[in-house]
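Good morning. I have one structure to go through today, and I will take it from the overall layout down to single residues. Please look at the screen.

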Amino acid sequence: MAKLAMSKGIVRPAEAQQKVDSECAKLALYHFSTCPFCIKVRREMARLSLPISLRDAQHNQEHRADLLKGGGKIQTPLLKDH
């Protein structure tokens, strides 16, 4: 049976979560909302409590152009370090 609700994610001590937050602040995930691989990545991010910025390359032309410029093709999911 498929799981319908997402888990809350792991809970870390405040100091550890602050370190994770600061490391994730440099990251951005370019994704399509309905892509099955992107869905898996977003679920795993939630499970691990990773606050990574999401960039919708499917509906946002600016993010789509950044994806093309940075990777050479429009293929998601793509995690970029800014």
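Which pattern does the protein chain follow, read along the sequence? The answer is α-β-α-β-α-β. That is three helices and three strands. Please keep in mind that this is a predicted model.

Now the overall figures. The C-alpha atoms fill a box of roughly 40 × 35 × 15 Å along the principal axes. The protein chain has 82 residues, and 22% of them count as buried. It exposes about 6,000 Å², with carbon and sulfur atoms supplying 58% of that area. If we take contacts between residues at least 6 apart in sequence, 70% of them join residues at least 24 apart.

Next, helix α2, residues 36-47. Its twelve residues, at 1.5 Å a residue, should span 16 Å, and the end C-alpha atoms are 17 Å apart, which agrees. Which residues of α2 are buried? They are C38, R42 and M45. Down the helix axis, the buried residues fall within an arc of 55 degrees, so they line one face of α2. The cover over them includes β1 (27-31) and β2 (53-56). On the other side of the helix, F37 and K40 are exposed. Just after α2 comes S49, which takes a positive phi of about 55 degrees.

C38 also belongs to the largest nonpolar core. That core has seven residues: A28, Y30, F32, C35, C38, A57 and L67. In soluble globular proteins, nonpolar side chains tend to be buried together. What does A57 touch, leaving aside its neighbours within four places in sequence? Its contacts are H31, F32, H63, R64, L67 and T76. Apart from this core lies another, of five residues, including V20, L29, M45 and I52.

Last, the charged pairs. How many salt bridges does the structure hold? Two. One joins R47 to E44, at 2.6 Å from N to O. Both residues lie in α2, three residues apart, which is about one turn of the helix. An α-helix has 3.6 residues a turn, so residues three or four places apart point the same way. R47 is partly exposed, at 39% relative accessibility, and E44 is partly exposed at 34%.

In the other salt bridge, E23 pairs with K26, and their closest N and O atoms are 3.4 Å apart. E23 is partly exposed, at 42%, and K26 is partly exposed, at 37%.

That is the end of my part. Thank you.

Note on methods:
Residues numbered from 1 in each chain as written. Predicted model: local features only at pLDDT ≥ 70, side-chain atom pairs only at ≥ 80, totals over all residues. Heavy atoms only, no water. Helix = DSSP H or I, 4+ residues; strand = E, 2+ residues; numbered from the N terminus. Expected span 1.5 Å × (residues − 1). Buried < 20%, exposed > 50% of the residue type's maximum accessible area, 1.4 Å probe, protein only. Arc of directions from axis to C-beta. Contact = heavy atoms within 4.5 Å. Core = buried A, V, L, I, M, F, W, Y, C linked by side-chain atoms within 4.5 Å. Areas by Shrake-Rupley, 256 points an atom, 1.4 Å probe, with all protein chains shown as cover. Salt bridge = Lys/Arg side-chain N within 4 Å of Asp/Glu carboxyl O.
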